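I opened a notebook for this structure and looked up a few things in turn. The entries follow in the order I made them.

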Amino acid sequence: MGKIVFFEDVNFQGRSYECSGDCLDLRSYFSRCNSLKVDSGSWVLYEHPNYTGYQYVLSPGEYSDHHKWMGFNDSIKSCRFIKNVYGKSWKIRFYDKQDFGGQAAEYGEDCPSVYEALKFREFYSCQVMDGAWVLYAQPNYRGYQYFLERGEYHKYTDWGAASPAVGSFRMIKNF
């Protein structure tokens, strides 16, 4: 398992909570999260309990304030340790229609600009064949983040998005 430490205040100050696995509801451990340290593994943090709301995908490192992990606010209420991303193979296939219809594009590497690489601006469904991925709403790994693990996503709401816009994406590798 991994290890992550949450701090209520910036610069690793205030009340803290150390976590080593999935947690549906962090509210009893801290009221806000303004800094954190990811000691091992990759994690998905969620704005609300039960793995809902904004998502933030983090790899090992120190994040002295919530802006360092592209946080929209100081609310972290649930988290998941990303499992089974070890390996040497990553493959994702996107479709321009729901339920795997229309034109498809397959990728196996990071993509900083979906439009430049694939000439798509929107994906309505996708299949993750290998590895785990994070999609970003904007190019250059910015904006809303969406964690995708191996499986089928029949429509963009299946990965938690409010719109089909995808600006960039990258592989998740545990360290």
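Is Phe 72 buried, partly exposed or exposed? I found Phe 72 partly exposed, with a relative accessible area of 42%. For these words I used under 20% relative accessible area for buried, over 50% for exposed and partly exposed in between, with a 1.4 Å probe and protein chains only.

A note on the source: this is a predicted model, where local features need pLDDT of at least 70 and side-chain atom pairs count only at pLDDT 80 or more, while totals for chains, interfaces and linings use all residues. Residues are numbered from 1 along each chain as its sequence is written, and side-chain values use heavy atoms, with hydrogens and water left out.

Aromatic pairs. I counted rings of Phe, Tyr and Trp (its six-membered ring) as paired if their centres lie within 6.5 Å, with planes under 30 degrees apart called stacked, over 60 edge-to-face and the rest tilted. The count comes to 19 aromatic pairs. In one of them, the rings of Phe 72 and Tyr 144 have centres 4.9 Å apart and planes at 40°, so I logged the pair as tilted. Phe 72 sits in the loop between strand 6 and strand 7 (78–81), and Tyr 144 in strand 12 (residues 142–148), 72 residues apart. Strands here are DSSP runs of E of at least two residues, and helices runs of H or I of at least four, numbered from the N terminus. Tyr 144 is partly exposed as well, at 36% relative accessible area.

I then looked at Phe 94 and Phe 123, which are stacked at 4.0 Å centre to centre with 15° between the planes. Phe 94 lies in strand 8 (residues 91–97) and Phe 123 in the loop between helix 1 (114–118) and strand 10 (125–130), so the pair ties together parts 29 residues apart in sequence. Phe 94 is buried, at 0%, and Phe 123 is buried at 0% too.

Cysteines. How many disulfides does the structure hold? I found 0 disulfides, taking a disulfide as a pair of cysteine sulfur atoms within 2.5 Å. For Cys 33 the nearest cysteine sulfur, that of Cys 79, is 9.8 Å away. Cys 33 is buried, with a relative accessible area of 0%.

I noted an open sheet of 4 strands in the order 2-1-3-6, with antiparallel pairing; two strands pair if DSSP finds at least two bridges between them. Strand 2 (13–19) and strand 6 (61–63) stand at the edges, each with a single partner strand.
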